[in-house]
Amino acid sequence: MSFADPGQLKLELESTQALGGATEQSIRIFFYYRLILASLLGILFFSKTGPALLGHTDPGLFALTDIAYIGLVIASGLLLYAGRPLSPNQQTFLMVFVDIGAITLLMHASGGISSGLGMLLAVSIAAGSLITRGAYASLAAALASLVVLAEQVYAHLNQTFETTAYTQAGLLGTLFFAIAILAQVMARQLKTSEALSSQRKLDLADMEQLNDYVIQHMLTGIIVVDTDSTIRLMNESAWYLLGMPEVGTGSPLDQACHKLAVQLAEWDPEQHIPPEPFRPAAGGRELTAGFSLLGENNQGGAVIFLEDTATVTQQAQQMKLASLGRLTASVAHEIRNPLGAISHAGQLLRESSEIPQADRRLIDIISTNTGRVNEIIENILQLSRRGRSLPKEFLLKPWLEQFIGELARTLNLSAGALQLRIEPDSTLIRMDPSQFRQVFVILCENSIKHFDREREALSIQISGGITRESGGPFVDIIDNGPGIAPEHVRQMFEPFFTTRNAGTGLGLYIAKELCEANRLGLDYIPPPYGGSCFRITFPGRGNQPVR
């Protein structure tokens, strides 16, 4: 069973209502025409200022008929404005029927067909046929022809006029049918045009809905502003990238993002210089903006395209790493076979009693380095096999409390080595939980491996909350280790960069990649009192309390 689209049904109803309104308007125009015609004939007759032919054969009949005609026209007007008990077609035919009778009597009282008043019937037939879309055209023409012919027969039998005019009556009847046929042709064309217009209206409405859906669900932020930099359209991605500002359609662009408004004001389309990246708020995402003018002669405002530089950089990096990942995974897989043989041979040599004690140091070197190479291979394979992130929302504090307990047992840390402080407790984050766990394990293991004192002195503080600048959550992993030298800060997230002889240089790189895959930021912040601090920042949410 299929169901009609409510939007399409609404448009069809509006189209039907529009057609009904047009028909009613046509009936009102026809009513005003008849009222003016009846009144004008009465004024010309009673004031003796009109043509002498008006009522010259039977003045009494002309006067009585015109008064009755005016009354019937007024009655049809009252029926029209007071609410019609009849359908528009029925009411229109009734009006045409009154016109046929009244005008025929007025024509008879004015000298018959030779008076020329019979031509007024042609106007009524044409108007009625167009209003009813040809439904009563033939019937009205036949009725008018019969009435005119009956009037001529009556006049001939009573010798009202000196001469007969059957030929003129026949020609007038032919004119009525010609008008009826023409009205039917025009009615069919009108129906076709109205159907085509209604279909085009539905198609345009469907296209408008489709365009609106596409714009609202684009990953690229779209903002449309007028010549006064007033927002006319902002899709969901743009609102999200700007930090969910409390503005909407009709608000100045400056209220949504001052820096973006400044870039738009300073942008010169003739120079083709790309604007500099900017952050809507401190700690927010770094964005790049593109501008394009709208309207005739570029005088209709502008459309702004917003891109997250982290996403663009990630896409470019993913394209480069895709082929590199396949290559490194293939190389790593091929290395594992001879590496396993070397490691196995080293184990056999260790078990041999014939190896001198001095040479066993060489076996230890083989074992240590094969283990290191195997760790590098595992990291490379893990990076190449990394699946797509599946982010979801969860409370940060309960998740970290459970994670810290598991991590302390896994890494054999003392109870006080890991400290947690999250304010407020209701802080929500959105990320893939498994990848979030992997990032924390890498950062905590990094603090342990680089700690230069006894394990018991190690202290890792995990604090988080909501930043005042962006309104988004953050998590800091702070240790009391030696810290990172300033000359190494810019390279720390590069693959295979390490300051340890036994390190692989892939840990921080993998952590950075996982954060960017979830549209998060991972930065190093050197604490003023020593140690290291890695901060994970989340996009602003707008509905959380500010710390």
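1. Which strands does helix 14 lie across? Helix 14 (residues 507–517) lies across strand 10 and strand 11, at about 145° to strand 10. Contact means heavy atoms within 4.5 Å; axes are lines fitted to C-alpha atoms, for helices over the stretch in contact, with angles from 0 to 180 degrees between N-to-C directions. Helices (H or I, at least four residues) and strands (E, at least two) are DSSP runs numbered from the N terminus.

2. A word on the basis: this is a predicted model, where local features need pLDDT of at least 70, side-chain atom pairs count only at pLDDT 80 or more, and totals for chains, interfaces and linings use all residues. Residues are numbered from 1 along each chain as its sequence is written, and side-chain values use heavy atoms, leaving out hydrogens and water.

3. Five strands make an open sheet of mixed pairing, ordered 6-8-9-11-10; strands pair if DSSP finds at least two bridges between them. Its edges are strand 6 (418–423) and strand 10 (521–524). Strand 10 joins strand 11 (residues 532–537) antiparallel through four bridges, with Asp 523 opposite Arg 535.

4. Another open sheet, antiparallel, has four strands in the order 2-1-4-3. Its edge strands are strand 2 (231–234) and strand 3 (287–293), and the twist averages 20° from one strand to the next.

5. I liked strand 7 (residues 428–431): Ile 429 and Met 431 point to one face and are buried (under 20% relative accessible area, 1.4 Å probe, protein chains only). Leu 428 stands opposite Leu 395.

Definitions and conventions. Buried means under 20% relative accessible area, exposed over 50%, partly exposed in between (1.4 Å probe, protein chains only).
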